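Work through the exercises below with the structure open. Try each task before reading its solution.

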Amino acid sequence: MDHFIKIDHIGIAVRDLDAAIETYRALTNIEDCHTEVVEEMKVKTAFFKIGDTNLELVCAVDESSPIHQFLEKNREGIHHMAFQTDDIRGDLKRLKDQGFKLINEEPMVGAHGKLIAFVHPKSTNGVLLELCQCEGSE
Ligand code: CO
């Protein structure tokens with residue numbers, strides 16, 4: 001597809017993942033969530049599937065985590081928005097050619113084994129963007 005497919009998830013930075021899971025269980029009335037540690041990103045995540053998209057609660061596993069650094073400077077809250085794509089490498093090339101500032105020029109493996117890469121908020125009106133692609137849709 002030559003454009004992003006949908007908003008895959010909204011990422012919310014939290015200090016205490018277990019407490020945030022309980023809050024979002026109560027809020028959404030959805031019991032199920034998928035938790036996963038993503039070592040490469042130094043984060044622990046919990047995904048709540050809401051219709052066709054997801055909420056991702058994300059907390060730091062240690063002080064080297066980008067989420068720890070984010071929470072040193074910011075309150076808990078919306079951290080990033082993720083677009084689903086079926087051609088992450090093609091999109092990274094397209095965005096770079098268009099002058100967007102990429103944080104990752106090459107995709108890495110994120111939660112659910114998806115390929116992910118981030119685009120710097122400086123070039124997207126202040127929103128940290130994640131591109132994500134399901135393994136197998138490449
Ligand atoms: Co995310």
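The exercises cover a metal site and then the nonpolar cores.

The model is predicted, so local features need pLDDT of at least 70, side-chain atom pairs count only at pLDDT 80 or more, and totals for chains, interfaces and linings use all residues. Residues are numbered from 1 along each chain as its sequence is written, and side-chain values use heavy atoms, without hydrogens and water.

**Exercise 1.** Find the donors of the cobalt ion and classify their arrangement.

Step 1. Look for N, O and S atoms within 2.8 Å of the metal (3.2 Å for Na, K and Ca); water is not among the atoms, so sites may look incomplete. His-9 and His-80 each give NE2, and Glu-56 and Glu-130 each give OE, at 2.1 Å.

Step 2. Write the sequence spacing of the donor residues: H-x46-E-x23-H-x49-E. Glu-56 lies in strand β4 (residues 53–60) and His-80 in strand β5 (residues 77–84), 24 residues apart. Strands are DSSP runs of E, at least two residues, and helices are runs of H or I, at least four, numbered from the N terminus.

Step 3. Check the angles. The four donor atoms subtend 83 to 168°, so the arrangement is irregular.

**Exercise 2.** Are Glu-56 and His-80 buried or exposed?

Step 1. Buried means under 20% relative accessible area, exposed over 50%, partly exposed in between (1.4 Å probe, protein chains only).

Step 2. Glu-56 has 6%, so Glu-56 is buried. His-80 has 4%, so His-80 is buried.

**Exercise 3.** Which residues touch the most other members of the largest nonpolar core?

Step 1. Join buried Ala, Val, Leu, Ile, Met, Phe, Trp, Tyr and Cys through side-chain atoms within 4.5 Å. The largest core has 15 residues.

Step 2. Met-41, Val-43, Ile-67, Ile-116 and Phe-118 touch the most other members. Helix α2 (66–73) is one of the elements that supply at least two residues; α2 gives the most, with three.

Technical notes. Tetrahedral: all angles 85-135°; square planar, octahedral: opposite > 155°, others 65-115°.
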